[in-house]
Every structure is written in C-alpha cells, then in structure tokens.
Amino acid sequence: MSNIQQKFFPEPERYEFSAVPVHQFELARRDFFKILGAGIAVFAIAKDALAAQETAPGHRSFHNEELPKDINAWLHVGEDGSITGFTGKAEIGQNIRTALAQTIADELRVPFESVRMVTADTALTPFDAGTFGSRTTPTITPQLRRVAAAARDLLIEAAAKEWNVAPAGLVAADAKVTEPASGRSLKYAELARGKTLAQNLSAEDPITPATQWTIAGKAIPKVDARAFVTGKHQYTTDLRPAGMLYGRVLRPPSFGATLTSCDDSAAKAMTGVVVVRDGDFVGVAAPSAHEAQRALDAIHTQWKEVPQLSSKEIFTYLKQNAAAKSEDRFRKQKGSVEEGLANAAHRLGATYTVAYIAHAPLEPRAAVAQWADGKLTVWTGTQRPFANRDELADVFHLPESSVRVIVPDTGSAYGGKHTSDAAIEAARLARAAGRPVKVVWTRDEEFTWAYFRPAGVIEVKSGIASDGALTAWEFHNYHSGMSGIETPYDVANQRTEYHQVPLILRSGSYRGLAATANHFARETHMDALANAVKMDPLEFRMKNLSNARMRAVLEAAGKSFGWPRKKTQEEQGFGIACGDEKGSYVATCAEIAVDKTSRAVRVVRLVEAFECGAIVNPDGLRNQVVGAMIQGLGGALFEAIEFENGRIKNPHFASYRLPRFRDVPEIEAVLLDRKDIPSAGAGETPIMALAPAIGNAIFDATGVRLNNLPMVPNGLRSA
Amino acid sequence: MAKPIELKINGKRYPVSYPADTPLLYVLRDELGLTGSKYGCGEGQCGACTVLIGGMPRRSCQIPVSAAAAKPITTIEGLEKDGRLNPVQQAFLDAGAFQCAYCTSGMIMSSVGLLQANPNPSQAEIVQSLQGNVCRCGTHPRIVDAVRQAAKMMQEHAR
C-alpha cells in the first residue's frame, strides 16, 4: 500500500473526511429581496438549545463530533403569496423536498402547494455541513417550524397595524389573517405586498405540537413527481449548458500507482480535444463523449505500481495492524467484565467480519463546471455542497465567494456522495478548455475510484447467568467504525472499544455507517446466547432490555410477524434482531427457506417495526424503511467488493451482485407514530437489524451460524 | 462518407451526425437532448437506458445507432400524449413508485414493453421482466404494484 494512504486513519463515524469550518451566510438582505422580490423574510440564527442538543454526542456515541453550531434557516413570503423555504440540505431521493415543504405549510397555515423549497445551493441557501447522519428531520424541521411561526407572527402584526387593532385577537389560517370578531381578513399575499421586511428570529416561538399537525403527518405525494415519470427532471448528468464539452479522466491501473511517462501528442492533435496534465492528473475534454473516449484511448502512459493488499488477507491484516492502544474517546467501560465472566453460567466468544461494500448509486458521480469572469459554478450530485465549494475554492485558490455549488435533485447517494472528486475534475478541465465541461463517472470508475463502506473485524466476549440475564459484555470493533457500537441491553459489566487501523481502500460514510456491522455482531451474538440457554430469542432480548422504545418495536414486529412461529416445512427458519441509532428504533423479523438441491437461501418474508418519533410523512417514511430493508439484503447476503493488486475485481453490475426484483421477499413495514416524541431521521436505522435477523433465521433453519457478512454469496454450500 | 442516419423517435424524424457505432443512448442524450433515458452502467446491466425499439424494450447503451435506424423508437419523452400520461406513468405516480427516481424512466419503459406484449402479466412475469432493471433505493414492491395497477387501468380502458 502507498505511503500516502498509510497516513490516513478513518474517523470512527464517517460523516465526513475532515472537520468542516463554520461559515457565516454572506448573502446580503438586499440581495435576498433582489432574487426573490419583495415580501416578508424571516431568518433564524439558531444559537439555541435545539442546535446545541443536536451537536452534542448522542447517547450511543461517546466521542466528539464537530458540526456547525449555528444552523440557519430562512423563509420568504412573496407578494403573490408564494412561500419559499431555504435549506442547505440536498434532495437525494429521501424525499426531504416534500417533507420540509409540508412542515412549513403546516406551521405557516398555508396550502401545501404554495410552498417551494430551495435546496443545496451555496449562493442561495444557508450553510449546511451536509445531508448525512439522518439529521435533516431532527435539525431542519424544527428550524423551519420556528421560522414559519415567526413569519406567521409578522403577518399577524402587519394585519393588526393595517386595522389598527391588537394582534392578540387575530388568527392566521388558510394563507390569511382573520379577525374573528369582525370577520374581515387579509391574505398573506396582500400583507406581503410592497414590503421588504426582514427579521432575525429572536424569541423562541412555540411550534405546533405533532398532535395538532394538519399538513405534516400526512402521506403527501413526492413534489415534482410528474417530472420524474416523464423524464423531464434534470439530474446533474442531464445538464448541457451551451458549448459544453464532455470530460474524461485517465485513471491509474491500480491504487497508489504514480505516472512515470505520458505521451498525449496523438490526443492533443485531435480536433476540438483539450488535454490537461497536472502531476498525475491526466484528463481530456471533447465535443462529444465518444470523441473524449477516443482521445483518452490515444494517450499512452506508464505507471509505477506499488504492492497492495488483497481482499483475501484483509481480516488478518486488520487485526494485526490495529493501533497498539486506542484513544480514550474510543473506549467505554463500566463494572468489571472479568468479574461478570467469572460469575457467568455460560460464556461465549465469537469473531465477526464484514466485507467492503459499494454504494453503487444509480446516478454515478457527476459534475458540470462553468467558469465566467474568474468565478466558478459547479452543478454536482453531492451530499455536501458547502464542503465541495470550500474544496474547489482551495484547489483553485479562489475566495469562497467566487465559487457556487448547486445540487440538482440527485440520483441517490446512501452516504457515497460526500467528496468533490467529479466537481474538481470538471472544473480543472473547464478552466483549461475555456468552456463548460461535464464529467460523468463510468460505472467502472464508480466502483473503483469512489469510496467504500469499510471492512471490519468484531470480537465479542459475553457471559450470562443460568436464567438468561447478561452478566458480561465485551465488544471490540477493528476498523469498521463506532456507530451503534454500544449495547442497548442491560448489562452491569461491559467494555466497548473501537480500534483504528490505517485505511486500506478509500473508505467513507454509508447508510447506517458501522451500525450495520456492529448490530450484525451484537444481534447474532445475542441469538447464540439465547440458544445457549434454550430461550426464545425474543423473550431473551426482552429479559435483558428495559428501554421502552426498543421493547415497543420488538413487540410490534413480533406481533405482525406472528412470533413465535411454528415451522411448517424442513429447513425453514425464523429470526429476529433489533437496534437503535440516531434517535430511532428498529426491530426486524425474517423468515427464510433453504433450497434442497441448490442450497440457496431464500428470504421469504420480512416484517420490520420502526419508530422515529412523530412521523412527518408516512408515505415517504414507508419508502425509506422498505428501501433500506431491500438495500440491506445485498450487504447481508451477497454484496462484497473483491480486490487484488490494487484493482477492484468486480467493478460491474454483472459481477457485483445487487438486490434485484427476484431477491425481494414479501415485506411489511410497521410504522409506530409517536406524536409525543420529536421526529428523528429515518434514512439509516431501518437497515441495521436486517442482516442479523436473516442470519438468525438461517441458524434456526439449519443450525449453521454465519458470522461473516455477506453471509451466503454462494448459497450455503460454501458456508 | 458514411450514409447519414435518420432516427424515428416518438413520431419525429431526427438526422444523426454521430458515428454509426455510437450507442443509441449517447445520441439520444447528448445529440438530441432526450435526457430522460439514463446512463447507469453502459453495460446493459441496469436498465436505466431502456427505450422501445419497434415496441420491444431494449438497452439503448448496447444498441449502435445504425442498428436503431430501421424501426420506430419510443423514449420516456414520447409516452405522454396530449398532456395525458401513459397508464404506466400514471400508475407509478399513483403508487409513489420511486425515491431518487433515476431508474424510473427505464422501469416505466420496460413495463410499457411488457404490457404491450402481455397485457395481463402475473406477479412472477412482472418480476421476471424487470429483473434486469436496478432500483438501488429498494422501491421494488411499489414498482411491481404500479405495473399491476397499470395493467388493470389499461384493461378497463380497453373494455
């Protein structure tokens, strides 16, 4: 492995590759009204308890995360009554464009259709660290509600002034302010007319509790859905500004390879082709994609390659190369594990592994870059527009104000679109070409040069009393990460530790991060413990669990699944698992069957109960929950990145198996709506309990305990 | 000088200047601006680029433009007629059968092709015919429901 790669240690929870500075919004108010027209605007500078709470470590993570302290939000009421909400979050298929508009409509008391969201545009929207960590709903929803509540108050005050009455007696509803006593009313549009009234949110306005929501909480269909079913929506990959060239980048033959010679004369001689060489970067831009490909093929290079690890030796390597002593922030201990083990009736030790997997978003990484008057505009499908802007400013030695990053609603990400690779590549080529350039990664590039969910080794040692009560729990994660590392079960003696190992493959965020790995290990281990004392796995969990929300999802999933089930055929099995992360709770039940001749494992039925506080949009939530379950099937059963000599061996959909229609079982999602609990995000947690539930069902069917993800890449024959 | 190629797409004729061996997908997207058909893999493995050629669903990333000239081509842009969505589009809309929706064009085109050949497909036949289309967001159950619903709508309409 290369020296450069050796320097990098992964962060324990990979929301980002590096800490992000906090930036102030620079758009002046007069510019704001110039862009949007006159009206009423409310800005929130949220140095308040809500924001502080959100940036504090969650109860399941015990290291310091750096997130911006002053999350901003704003909203504009136009002279025509149109409402515009602004957020730096990006729409990547998780449906926030709809859910956030619902929130504003609900709080401002206007029809849903009158609200539009401006998202993820560094010139127009408030700074945002990125769309990750299931944070949009818990952070942005209350912000926008407070802003909308303040705007409502402003409109009431404007009406009170107009009528020369006290604001206290006026009511805001149906996009107008009404005086019930006289019956007279003024539309918001009328109240906003001719005004350029902006206000910083100062007081903490009370926001509408979930029990009184009228528009939020409803299954409102996806905004702009018609544009998607007619092919009219323009993703980054679809943009074609006038004069645009098509860019391609010449990739090294293997990771860590350095360029020793390059003959680009033939490419340079081609009409309309621009070749850019800068260190090891070699790229071309041409009037069409096929001309770009031809130019790329005409460049002859030689590379110096360096030895690289292979996927076969990865787990041994991770154990052997872990830091000798982990930092304090990666360790947590209570009681005495040694005593707990000594007093146990049963002791169990097991090792679990998880392979590298790929995000494989269907829209590959892409960017369109355009330079004008020394300023750079980049359209790109990223989860971190502001970080992309900063990196572009850094790379091209520009002030941040000279770079604008715009994120068109994007063809998914799953944690895979944090970096600015394509944006920088497109900008480099565009600067040299003097014309806009689009770079769209090929599927092969996407599988090879993006980044992966890291592999990991997890070791668990545990002890239980003869009645099934946990007495000791020791849990070590090597490399894959800390998300969801702590056990939710009641155990007096426990030790939890995360061991850093230098990066091998480029690794980063992924839906659920390491929670999927840690939950797989923990919930598989819990199943094995239940088996050791011959207890029902659900009963065993309940015995060791006092958390009421976790118990509620387990009960709900078990009830809908019909737990405990009686087997009706040979090699049929049922499994259960649960977990919590980022303020939401999940329990999954799985039924599997093994094919007698092929030994293939078929997932027959999945039931998952999920609870994330008050539900903002049950339809969008159901899509996210079911989607996470289906995506999770891949990592559970067969997805794995194979690599050797610095090359990815399966960089195609033909060789990297994804869940397809035939893999999808009967699925039921049970959504628990807790209107008494603030809404949490739902993008990640629903994926976490799936793999262990299936693995536990395989054990129930066959007596074979599978401790490695993916569990059955070739059916049970190879297990 | 190669003979100029003319494509018949969504009832209109388009002269094409790209080389004859260029995959149809690039001509549609880059030359003609019909960007509803998506690039997902360029290898015929994900179905995001699916169009109908002579009524049959085809992966446009695998068809040289010269081979597409003989028969009429329908892309996602050609399904809507006089402001009315095709029943499959309407059913996807009604079912909310998308998340990021990048696969949606290909899913709809594959389904339109299926229903033209088999107006009343079973669940297994729908699954079989969409097996080559990737939805990474995991919206499969709603997509299957949408196709069943579209079949029902089309049969009711035909009656």
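In the predicted model, helices α3 and α5 of chain B cross with right-handed geometry. Helix α3(B) spans residues 104-117 and helix α5(B) spans residues 140-158. Their axes come within 11 Å of each other, and the crossing angle is roughly 40°. The arrangement of α3(B) relative to α5(B) is therefore classed as oblique, because angles under 35 degrees count as roughly parallel and those of 65 to 115 as roughly perpendicular.

On the α3(B) side, the contact is made by B:Met107, B:Ser111 and B:Leu115. These residues meet B:Ile143, B:Val147, B:Ala150, B:Ala151 and B:Met154 of α5(B). By class, 7 nonpolar residues and 1 polar residue take part in the contact of α3(B) with α5(B), and no charged residues do.

At the level of domains, chain B is divided into domain 1, covering residues 5-78, and domain 2, covering residues 87-158. A separation of 21 Å is found between the C-alpha centres of domain 1 and domain 2 of chain B. Contact between the two involves 15 residues of domain 1 and 13 residues of domain 2. On the side of domain 1 of chain B that touches domain 2, strands β3 (50-53) and β4 (56-59) each supply at least two residues. The most is given by β3(B), with 3 residues. The composition of this side of domain 1 of chain B is 8 nonpolar, 6 polar and 1 charged residues.

How values were computed. Residues numbered from 1 in each chain as written. Chains lettered and ligands numbered in written order. Predicted model: local features only at pLDDT ≥ 70, side-chain atom pairs only at ≥ 80, totals over all residues. Domains from an automatic or database assignment. Contact = placed C-beta atoms within 7 Å. Helix = DSSP H or I, 4+ residues; strand = E, 2+ residues; numbered from the N terminus. Nonpolar A, V, L, I, M, F, W, Y, C, P; charged D, E, K, R; others polar. Axes fitted to C-alpha atoms, helices over the stretch in contact; angles between N-to-C directions. Parallel < 35°, antiparallel > 145°, perpendicular 65-115°, else oblique. Left-handed = near helix turned anticlockwise from the far one by under 90°.
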